[in-house]
Amino acid sequence: MTQASQLDLTHLQSWIGRQDIAAEFVTADLVRRFRATFDEESGDLSSGAAAPRLLHWCLAQPAALTHTLGPDGHPARGGFLPPVPLPRRMWAGGSIAFSGDIAVGDTVRRVSTIEDVSVKEGRTGTLCFVTVKHEIDAAGLAILTETQDIVYRALDTAGSPSKAPTPATEGKHRQEVNSSPPMLFRYSALTFNGHRIHYDHPYVTQVEGYPGLVVHGPLQATWLLRFAARIHGAPPARFSFRGLSPVFDNAPLFLHAEGEGDRLKLWTARPGGPVAMSAEAQW
């Protein structure tokens, strides 16, 4: 019997349509901390000044009581997200359409809706995908619409060695980023993310079996969007990204980009390693 057949998909799909609504005031201090994390000066922090894009991942996050967290540091399953009984939970990717910018002094409202739950058999075993739609507005005006894909899977098991992955190519544009433990810890703090794979080295290596701290998917996506904006001279109107393989704090990490006109292909990779995250920016 496969793990997929052991999942009660009908029960999990009963979460489709559930909503979570939350709001948060955008302070100058939050914007200052976000920019400092990315080695950027504070800039204009006056009321009404535009905040960095993807700051919304730091806003209106669930605030579960500490004693209710699961063993992986995430909120216990079965609240807004369905209780998928697979131990590894990762942000697989997403797509965002921007229609405006969050500003300092805004009260930002997030409406999140479970859109789909599906199960597939992949190379590493059973995969359960949960698709969430987020709608972000401020003062009644739409700021962005985002589709988020979350994947759940089993822990890796011993077996025959897999084929070595194809090394990523080098882009026309290339930049190294800081994926050190302090950087990962700071980003976890900004996003109120308790997932232990990003800061707890004994846990991530001894329990989940990874070789080092895992670099957040949203952190990689933020680096790539900011890289795209610097190359093009303006932030994109649409941005999509997909996690293809995990990347860790034990090797340098580089951003790459290729493209022309109003479309840019981007990816992250360690030297000699496969693509960790692929992305596309459109203007």
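**Close-up 1. Residues that meet where helix α4 contacts helix α6.** In this predicted model, M183, L184 and Y187 of α4 meet P218, L219, T222 and W223 of α6, where contact means heavy atoms within 4.5 Å. Sorted by class, the contact of α4 with α6 has 6 nonpolar, 1 polar and no charged residues; Ala, Val, Leu, Ile, Met, Phe, Trp, Tyr, Cys and Pro count as nonpolar, Asp, Glu, Lys and Arg as charged, and the others, Gly among them, as polar. Helix α4 (residues 181–190) and α6 pack at an angle of about 100°, and their axes are 10 Å apart, which makes α4 roughly perpendicular to α6. Axes are lines fitted to C-alpha atoms, for helices over the stretch in contact, with angles running from 0 to 180 degrees between N-to-C directions; angles under 35 degrees count as roughly parallel, over 145 as roughly antiparallel, 65 to 115 as roughly perpendicular and the rest as oblique. Helices (H or I, at least four residues) and strands (E, at least two) are DSSP runs numbered from the N terminus.

Close-up 2. Leaving aside neighbours within four places in sequence, V215 is in contact with S179, L184, H198, Q220, W223, V247, F248, D249 and L253.

Close-up 3. Rings of Phe, Tyr and Trp (its six-membered ring) pair if their centres lie within 6.5 Å, and planes under 30 degrees apart count as stacked, over 60 as edge-to-face and the rest as tilted. By this rule the count comes to 7 aromatic pairs. One of them joins F38 and Y187 edge-to-face, at 6.4 Å centre to centre and 80° between the planes; this pair links distant parts of the chain, with F38 in the loop between α3 (28–37) and β2 (88–98) and Y187 in helix α4, 149 residues apart. Both F38 and Y187 are buried. W57 and F241 also form an edge-to-face aromatic pair, with 5.9 Å between centres and 70° between planes, and here W57 in the loop between α3 and β2 is linked to F241 in strand β7 (residues 238–243), 184 residues apart. W57 and F241 are both buried, and W57, W91, F239 and F241 form one aromatic cluster.

**Close-up 4. Arginine ends over aromatic rings.** The charged end of R18 sits over the ring of W15, 4.1 Å from its centre, and that of R53 sits over the ring of F98, 4.5 Å from its centre. A charge sits over a ring if NZ of Lys or CZ of Arg is within 6 Å of the ring centre and within 35 degrees of the ring normal.

Close-up 5. I96, in strand β2, is buried with a relative accessible area of 2%, and its contacts beyond four places in sequence are L54, H56, W57, L144, T145, E146, A237, R238 and F239. D137 is found in strand β4 (residues 125–138) and is buried with a relative accessible area of 17%; not counting residues up to four places away in sequence, D137 touches T107, V108, R109, A142 and I143.

**Notes to the views.** Residues are numbered from 1 along each chain as its sequence is written, and side-chain values use heavy atoms, with hydrogens and water left out. Because the model is predicted, local features need pLDDT of at least 70 and side-chain atom pairs count only at pLDDT 80 or more, whereas totals for chains, interfaces and linings use all residues.

Key
Buried means under 20% relative accessible area, exposed over 50%, partly exposed in between (1.4 Å probe, protein chains only).
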